[in-house]
Amino acid sequence: MRHLPNWIFASRWLQLPLYLGLILAQGVYVVHFWVELVHLVQAAFGNQEALQIIFAATGQQASAAPTHLTETTIMLVVLGLIDVVMISNLLIMVIIGGYETFVSRMNLENHPDQPEWLSHVNASVLKVKLATAIIGISSIHLLKTFINAENYSEKVLISQTVIHIVFLLSALAIALTDKLLHPAVVAGPTPRH
């Protein structure tokens, strides 16, 4: 039984394959980003096949096939690219923050590229950062839906709005709970000599 605590503590390394899997998932997002960007550039130069691909990917519908890029199509593609970047940021926070918090220290204190938030990361800070990242991603999705509203039913528009509001309320509850559990230390006046 005296070795049991060591085995339990060592079990944290079972999370390592999960973080490596998230790194692979981020690689898939990088490929997806570049494929979408190449299609957008090709469509801007008049490639009809690329135009059809991005028109379908943005969920737009029309009675006739599009012959050129519209501002709406460009905006929807760019919002999709921003969405990929924000999800990638979320993945980085989960991978680095989760590894540092739950598996092992990274010892990056003197590294010039150490992210600012990593110096004070803990499970509580990570939850708040993840909640705000999810709100950002949800905002992009909602904006894409509103821009392309004519292709969605009223039920979908209302559902996405309600889901976004639930995300906002959840993030506020997480931040409030964190603030109540870890109140800020208020510095008093400095004593005079």
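Start by finding Glu36, which sits in helix α2. Helices here are DSSP runs of H or I with at least four residues, strands are runs of E with at least two, and both are numbered from the N terminus. Before going further, a word on what you're looking at: this is a predicted model, where local features need pLDDT of at least 70, side-chain atom pairs count only at pLDDT 80 or more, and totals for chains, interfaces and linings use all residues. Residues are numbered from 1 along each chain as its sequence is written, and side-chain values use heavy atoms, with hydrogens and water left out.

So what's going on with Glu36? Glu36 is buried, yet it has no salt bridge. Buried means under 20% relative accessible area, exposed means over 50%, and partly exposed is in between (1.4 Å probe, protein chains only). A salt bridge needs a side-chain nitrogen of Lys or Arg within 4 Å of a carboxyl oxygen of Asp or Glu. For Glu36, the nearest side chain of opposite charge is Lys144, 8.3 Å away. (Lys and Arg count as positive, Asp and Glu as negative; His and the chain ends are not counted.) Which residues does Glu36 touch, leaving aside its neighbours within four places in sequence? They are Ile54, Ala57, Val77 and Leu81, where contact means heavy atoms within 4.5 Å.

Now look at the rest of α2. Its 29 residues should span 42 Å at 1.5 Å a residue, and this agrees with the model because the end C-alpha atoms are 42 Å apart. The expected span is 1.5 Å times one less than the number of residues. Besides Glu36, the buried residues of α2 include Tyr19, Phe33 and Leu40. The buried residues of this helix pack against α3 (48-57) and α4 (71-103). After α2 comes Gly46, with a positive phi near 95 degrees.

Next, hop over to Ile134 in helix α5. Is Ile134 buried or partly exposed? It's partly exposed, because its relative accessible area is 34%. Leaving aside neighbours within four places in sequence, Ile134 is in contact with Leu90 and Phe167. Between Ile134 and His164 there are 9.4 Å from C-alpha to C-alpha, and 30 residues in sequence.

His164 leads us to helix α6, where the buried residues are Leu157, His164 and Ala171. Part of what covers them is α5 (123-147). Helix α6 runs over residues 154-181, and its 28 residues reach 40 Å from first C-alpha to last, close to the 40 Å expected.

Finally, zoom out. The chain has six helices and zero strands, and 28% of its 193 residues count as buried. Among contacts with a separation of 6 or more, 62% come from residues 24 or more positions apart. How far does the predictor trust its model? The mean pLDDT (the predictor's confidence in each residue, from 0 to 100) is 84 for the chain, and 89% of the residues reach 70 or more. Confidence is highest in α2, at a mean of 94, and lowest in α5, at 83.

Notes
Lys and Arg count as positive and Asp and Glu as negative; His and the chain ends are not counted.
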